Amino acid sequence: HYQHGVALASAFVLAVGTARFAPPPGTIMVDVRLPRAYAACHLLGASSIPLAELTPRLFELPAPSEDELAVVGADADEARAACELLEQRGWTVCAVLDASDTAAWDAFAAAGWREAPPGSTDSAPSWRANAFLRAHLDNALGAAAEEVARAAEKPPTLALALDLGTGNGRDAVHLAHALEHGGGGCDAWRVLAVDNHRGALSRCEALAERASARV
């Protein structure tokens, strides 16, 4: 059995401030171990972002004000380094997993987390669109479909969705996935990300490529 787990000394729990044991499945879990360790054994739903890549890829994470994170490290030192980096940038880390304690790993399994098959390199998305968009997009598409039905004899073949001030591109990528097969009374959509900051557009492009989204 691959030796992995979750454990924190009480001093480490106090150091990260808000850590708690075994967050519920669905929590965004950032696994900062090297890819070979991630492939050997990881929890389903985890996102693989090696510690060396974490800083340049922070834009892939959800907005700090909206989602808490869990962190997985190869050992306590690696987990602590990732946790400190994230908290310095404004994120709340709700749990830290030291991947060297099998007993604690089993505790996460008891909380509902499942292990991925050995050798799997699948990595869950670490980003989420803003809470307002997630909550209201379906209703907005339904209203749009009703309006199109009243105003047109047949649905338009292509519609445009604008993400103004796209920032890191999370909302644009979310729209691209949600509208991939049409919706809102339209057969197809094109998602256009707009921002006056070249760096933001570069980050949006990188996220869209990683997420296989057409933006």
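Predicted model: local features only at pLDDT ≥ 70, side-chain atom pairs only at ≥ 80, totals over all residues.
Close-up 1. When residues up to four places away in sequence are not counted, T166 touches A172, A193, V194, D195, L201 and C204.

**Close-up 2. D163, a buried residue without a salt bridge.** D163 has its place in strand β5, which covers residues 159-164. Although D163 is buried, no salt bridge is found for this residue, and R170, the nearest side chain of opposite charge, is 9.1 Å away. The side chain of D163 is instead joined to the side chain of T166, the residue of the previous view, by a polar contact of 2.7 Å. Once the neighbours within four places in sequence are left aside, the residues in contact with D163 are D171, A172, L192, A193 and V194.

**Close-up 3. S212 and its positive phi.** S212 is found in the segment after α8, the helix of residues 198-210. Most residues other than glycine have a negative phi. S212 is not a glycine, and yet its phi is positive, at about 55°. The relative accessible area of S212 is 65%, and because exposed means over 50%, this residue is described as exposed.

**Close-up 4. The largest pocket and its lining.** The space in the largest pocket amounts to about 420 Å³. This pocket is lined by 21 residues, and those closest to its centre are A176, V191, A213, R214 and V215. Two or more lining residues come from each of the elements α7 (170-178), β6 (189-194) and α8.

**Close-up 5. The protein chain that holds these sites.** Eight helices and six strands are found in the protein chain, and, read from the N terminus on, these elements follow the order α-β-α-β-α-β-α-β-α-α-β-α-β-α. Of the 215 residues in the protein chain, 43% are buried. Among the contacts with a separation of 6 or more, 79% are between residues 24 or more positions apart.

Notes:
Residues numbered from 1 in each chain as written. Heavy atoms only, no water. Helix = DSSP H or I, 4+ residues; strand = E, 2+ residues; numbered from the N terminus. Buried < 20%, exposed > 50% of the residue type's maximum accessible area, 1.4 Å probe, protein only. Lys, Arg positive; Asp, Glu negative; His and termini not counted. Salt bridge = Lys/Arg side-chain N within 4 Å of Asp/Glu carboxyl O. Polar contact = N/O pair within 3.5 Å; in protein donor to acceptor, adjacent residues only side chain to side chain. Contact = heavy atoms within 4.5 Å. 1 Å grid on protein atoms, 1.4 Å probe; cavity = no way out; pocket = protein on both sides within 12 Å on 5 of 7 lines; lining within 4 Å. Points joined across faces, edges and corners; volume = space filled by probe spheres on them.
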